[in-house]
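Please read it with the structure open beside you.

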Amino acid sequence: MGFWKNSKPPAWLWGVLTGILFLGIGILQGQFAVIWKKAVMICMECIGIG
Amino acid sequence: MKKLRLAVQLIFTILTNGYAYGYLNGKIYRGRLKYACVPGLNCYSCPGAVASCPIGALQALLNRQGFSIPFGMLGFFFLVGSLLGRFVCGWLCPFGLVQDLLHKIPVFRKRKRLPLHHILKFGKYVALLLFVCVGSVFLFGGFAKVPAFCKYICPSGTLFGAIPLLVANESLRSQAGGLFLWKLGILLLLLLLSVKVYRPFCQYLCPLGAIYGWFNRFSLVQVHWEKQQCISCGACERACPVSLSVHEISRSPECIRCGKCMEACPADCLYFFRRSCKGDSLKREG
């Protein structure tokens, strides 16, 4: 019991959990479909043409 | 450690840019893997790229109509940053590998930093705020949204995306003009500078390094320092390619976890994972 009382979750773990939460929201909002649409076309700006 | 890091960098670069068909035909991969991002800077218009670039993806979200918080990419940065911090820069970034290799060329007297480093190091935060965030929303397109960092600066896009595509695709080659020459100039300047100065793009311009640097203070992968065992010889600072003192190593946003300090430490007091320290026995013997 003492172990659980004294141990504090490390900051990186909070960061990971926040990341998973935000990723979930992003997936639900369809943000990765937006990224995919951009990524599968040749990005004219990226190659210095657009 | 040096050989291991080089092997990881090479394998990761080949794996994430392994779409050989693209190089041969001047086309890019269009599969489902591009829903995901690689951790390092890796242009998604590289003919070999099998996944998306995190900075390009962030700008794609910021470029949408209206404004909404880019939760997907914030989540990605929190996840990767909290686990690895700038370990990504040191071990997993293809453009970092290119700069590392160029810095090995035995010409010029090598420098770790540019003059005015204390000011120039903030350049990456300026690039992040001005070109990735603000620029993506309205600044450079006359209120039209453009991926300003990719368009005006990104040397990784020019090297891994533009050059192979223009070589293999004649119709694209005929469209290249002043903007391409501008980006080619930036690329050549940075590549030449890399021969003399250690990773100038990572130290002074990379917005991804600015993001991951923020996570360095608490990421899972850290360079641990056993203070009690330290003999204060300064070997780690001399070996550090970005001249960090032992107090700054790991938590500093500049530390890319290259591991050179660990190799140099005679008391073996710096390490990635917690374990008993060899310095203990050294001191007892002394």
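Which residues are linked with R5(B) in a network of salt bridges? The network joins R5(B), D100(B) and R199(B), where a salt bridge is a side-chain nitrogen of Lys or Arg within 4 Å of a carboxyl oxygen of Asp or Glu.

1. Basis of the note. This is a predicted model, in which local features need pLDDT of at least 70 and side-chain atom pairs count only at pLDDT 80 or more, while totals for chains, interfaces and linings use all residues. Residues are numbered from 1 along each chain as its sequence is written, chains are lettered from A and ligands numbered from 1 in the order in which they are written, and side-chain values use heavy atoms, with hydrogens and water left out.

2. Chain A. Chain A has three helices and zero strands, where helices (H or I, at least four residues) and strands (E, at least two) are DSSP runs numbered from the N terminus. Of its 50 residues, 34% count as buried; buried means under 20% relative accessible area, exposed over 50%, and partly exposed in between, with a 1.4 Å probe and protein chains only. In chain A, the side chains of E45(A) and K38(A) meet in a salt bridge with an N to O distance of 3.6 Å. E45(A) counts as buried because its relative accessibility is 18%, whereas K38(A), at 23%, counts as partly exposed.

3. The structure holds four salt bridges over all chains. As background, side chains of opposite charge can pair when their charged atoms come close.

4. The two domains of chain B. The domain assignment (bounds from an automatic or database assignment) divides chain B into domain 1 (2-215) and domain 2 (224-285). Each of the two domains gives 17 residues to the contact between them, contact meaning heavy atoms within 4.5 Å. The C-alpha centres of domain 1 of chain B and domain 2 of chain B lie 30 Å apart. These domains bury about 1400 Å² between them, 50% of it on carbon and sulfur atoms; buried area is the accessible area (1.4 Å probe) that two parts lose on being put together, summed over both. On the side of domain 1 of chain B, R86(B), K112(B) and Y198(B) lose the most area to domain 2 of chain B, together 37% of what that side buries.

5. The link between the domains. Between domain 1 of chain B and domain 2 of chain B the count is one salt bridge. The side chains of E254(B) and K124(B) meet in a salt bridge at 3.1 Å, N to O. E254(B) lies in the loop between α15 (235-239) and α16 (260-264) of chain B and K124(B) in helix α8 of chain B, so the pair ties together parts that are 130 residues apart in sequence. Both E254(B) and K124(B) are buried.

6. The interface of the chains. Here 46 residues of chain B are in contact with 31 residues of chain A. The area buried between chain B and chain A is about 3300 Å², of which carbon and sulfur atoms give 75%, and the count of salt bridges between these chains is zero. On the side of chain B that touches chain A, the largest share, 10 residues, comes from α4(B).

7. T158(B) lies in helix α10 of chain B and counts as buried because its relative accessibility is 1%. Leaving aside neighbours within four places in sequence, T158(B) is in contact with residues including C46(A), F180(B) and L187(B). V132(B) is found in helix α8 of chain B, and its relative accessibility of 0% is why V132(B) counts as buried. With neighbours within four places in sequence again left aside, the contacts of V132(B) include I55(B), L58(B), F149(B) and P207(B).
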